[in-house]
Amino acid sequence: MRTRTWIAGVATLTVLAATGACNTAGVAGAAGDRVKVAAVSAGPFTRQFNPLLIGSQNSSGNAGQAIYEPLMMDDLAKQVNRPWLVTSFAWSDGGRTLTLKVRQGVKWSDGKPMTAEDVAYTFDLIRQNKGLNTGGLPLAGASAPSPDTAAIQFTEPAYQVMWWRTTPVPKHLWSSVSDPVKYANPNPVGTGPYAFKSFTPQAITLQKNPYYWQSGMPSLKTVQYISFDSNTSMIAALQSAEVDWISPSTTDVKAVTRGQTSKIGYWVTKSSNAMIFLLPNGAMYPTNQAPVRKAISQALDRTEINNVALGGQNEVAESPTGLDLGSRGDTIAPQYRGLRYGAADPAAARQALTAAGYTQGKDGIFVTPQGKRLSLTLNIPTTSPYGDWVRVSRILTTQLRKAGIALNTTTESQVAWRNDTELGRFQLTMRSTGGTLSTFDLFDRIFAQPISPVGTKTQRNYERYTSAEAGTLLNTYANASPGSPGEQKALAGLETIQVNEVPVVPLFFTAGVGMWRTDRFTGWPSQNDPYSVSVANSPNVELVLMRLRAKGH
Amino acid sequence: MRLLLRRLMFYAVTAWVAITINFLLPRLMPGDPISAVVDRFNGQLSPEASQALAAAFGFDSHASLWSQYVTYLGDIFHGEFGLSFTYFPTPVSSVIANSLPWTIALLGVSTVIASVLGTFLGVVAGWRRGTWLDSVLPIGAFLRGIPHFWFGLIFVTVAAVGLGWFPVSGGYDSSLAPSLTPAFLESAVYHSILPAITVIIGSIAAHMLTQRNMMVTTLAEDYVLVAEAKGLSSRRVMIDYAARNAILPAVAGFAIELGLVVSGSLLVEKVFSYPGIGYVLFEAVHNEDFPLLQAILLVTTFAVLTANLLADLAFFVLDPRTRDT
């Protein structure tokens, strides 16, 4: 009896397995114009498409990036703002009024035209609801004097706010929403190349927006965002062609493509100009001493760190100003344009410490003028995506040892580390900063004054570097119109502080991984055709989706 | 009956303690949900976003811990769990409703199969002690020592990516919408085979070994000897005399395991990207999502308590000795 049931069970499983296998094959064959994207591994999706609630967009797999569009596109590959829904803009009234020319002929995916009215409405919505003001815009009001012109008023000079990242929402649908902050927007209507079709916790299906303003785009009919719980599972799905484009947080790309190099393509690139900095605590001895911070920076060989700890996948910091030479070269003051880090110079680091009154002890480690051994503690998280940092810390230890500085590493959970960083409870830590296109934003995050005392949370100036001069310069910068001599002076001043005082130690840029099925689709960005960054979770996703073609079409 | 009443009282007190701990625990953890969101964006979100998030999450009003506790208790009675921070502004109840059924179906079924099959194999192995069956035991011990997810990774690499017999990930075919149609159910069963086998292999050995050892102990009892001496059929001695006594610890263990099913099996879910609640719980902890965390812990607590109550009732039926006191 029992044996018979058991056999029947096995038989059922086999039959199911066989029928299931047929099904999958059938679907894959028919889906030539359906590209499947895995942007994040953040578990099952929820039906949440409110584009003004930036914080929870990855809970719907970042699918909103193909549905909604910003006023200007942050082109992260070229590091420039591209006119998008807005064709041009002008400042007046000392930076308190921004006049936008809204692109004509753009339609929402329900067929209604998008006008300056919608743009002004969106800014007004943000002004009225603090919970939507994720960009911290000092808004005073917004109006649409004509169908193609929107005028935005600010309470203070707003030259440096990132207003262009705002994604307009349709007034004719949103004006009936009672609480836009708690609105999940389950049926999104946007201006992007794809429009919402259906939702399940495992897959969000988008179809081509018939009203899309860039004529002839996009080519593929359907985009599907698939949910994953882990990098491992995402990679396995790519290997068996269950998904076409993935962005695992970090992985050994060569191992993934092994045996399938003709079918799987990849590009590891700087997905934004966010830089990983080593942060010395400026509210603590001896990391508040400029000679110590400078010695640390001089002792580092950033190329070695990248090659040994990061598999050579990241780009290293080159300019001691902390700015990206490629995209921000024009903001670097003339006297620093030729300045490069180059190889490590432990001898110079030791010399500088000796000149500042530090003496080398018997074990080769320096002793501070106050008689303290120059032994520092680096606090980092261990969990993904920060696993690489532990390897980085080992190289740092070896390199700093040569300059007579001892480095110990302590690790903690991501949550605890984040908390300690915000509270200033660390001697040295690492953190990525400045992933936006605004140079002001980068310097503001580094230098913002006054500092938050240790024990009080902050989202800026984690290193607690105190400088009244930096505060004045930032203020000048914020109030100077773009390209004005005032801006140039403020920039040069802040760069001087960074080069001479080294409040933060630039290490390397963050890297993003994009991997895809080259046997199913063509048009992926690559080293030879770097028209966009390669990751599936950036605001530039629509640039890639518009270029994709089914193989053989 | 007195015993049963006493047990019920005990459960009521335990439930209250658990509810209170659920309330306090997330609030004692370091960090806060806002910096969790900001951190997720790797420096792309403006620092001002934290003020916006505070306003959206309703953190700008400062209620005392006691008044928060009173509101929390009231909300629980109304089944109100609020909005999840991780999946803002999705209500916690719908986050759980999307994931819990998958976990119950997958883990519930495979836990029952593993327990029943494992216990049965244990009974047989115990009865036939000293025969060739004993040589299977080291294999059981070996299987028990290996973590579930390791088998999962092997299955994905070999059976899914390598041979292509099974799907690599997910709970169903992405081109189907969840419904009770034959096509969807078939796809769901097909997708659940590898994760289910992973869970079963991972836990069957423990059941078998425990049950075998209990059997061996029980078989040494005098009443088993008497039953054999009376000339009862060996099947009757094995099932009614030995197994009925030896099974009691297994029933208790099974109840607890069944209760814990609702908290999910994170690693198996991660390996197969199976849409269960284990991953949601992980995200909730990771993002300091108090409302979601509280709700999942509450559901788990009640599932464990209910399972224990059922185990008590089962003892009541199985073991006449409990009825005397």
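## A helix pair in chain A

In this predicted model, α8(A) and α11(A) cross in a right-handed sense. On the side of α8(A), the residues making the contact are Glu304(A), Ile305(A), Val308(A) and Ala309(A). Their partners on α11(A) are Asp388(A), Arg391(A), Val392(A) and Ile395(A). By class, this contact between α8(A) and α11(A) has five nonpolar residues, three charged residues and no polar ones.

The geometry is as follows. Helix α8(A) covers residues 302-309 and α11(A) covers residues 387-402. Their axes are 9 Å apart, and the packing angle is about 135°. Because of that angle, α8(A) is oblique to α11(A).

## Chain A as a whole

Chain A contains 16 helices and 22 strands. Its C-alpha trace spans about 80 × 75 × 45 Å along the principal axes. Is the radius of gyration of chain A what a compact globule would have, or what is the value instead? For 553 residues, a compact globule would have a radius of gyration near 24 Å, and the 26 Å of chain A agrees with this.

Of the 553 residues in chain A, 52% count as buried. Taking contacts in chain A between residues at least 6 apart in sequence, 68% join residues at least 24 apart.

## An enclosed helix in chain B

Helix α2(B) runs over residues 33-40. Seven of its eight residues are buried, so the helix is largely enclosed by the rest of the structure. The buried residues are Pro33(B), Ile34(B), Ser35(B), Ala36(B), Val37(B), Val38(B) and Asp39(B).

The cover over these buried residues comes from both chains: it includes α12 (414-423) of chain A and α3 (49-57) of chain B.

## The contact between the chains

Chain B puts 62 residues into the contact, and chain A puts in 66. On the side of chain B that touches chain A, the helices supplying at least two residues each are α2, α3, α5 (92-127), α7 (148-162), α8 (182-219), α12 (266-272) and α13 (277-286) of chain B. Of these, α3(B) gives the most, with seven residues.

By class, the side of chain B that touches chain A has 33 nonpolar, 20 polar and nine charged residues.

Technical notes: Residues numbered from 1 in each chain as written. Chains lettered and ligands numbered in written order. Predicted model: local features only at pLDDT ≥ 70, side-chain atom pairs only at ≥ 80, totals over all residues. Helix = DSSP H or I, 4+ residues; strand = E, 2+ residues; numbered from the N terminus. Rg over C-alpha atoms; globule rule 2.2 N^0.38 Å. Buried ≥ 20, exposed ≤ 12 C-beta atoms within 10 Å, placed from the backbone. Contact = placed C-beta atoms within 7 Å. Nonpolar A, V, L, I, M, F, W, Y, C, P; charged D, E, K, R; others polar. Axes fitted to C-alpha atoms, helices over the stretch in contact; angles between N-to-C directions. Parallel < 35°, antiparallel > 145°, perpendicular 65-115°, else oblique. Left-handed = near helix turned anticlockwise from the far one by under 90°.
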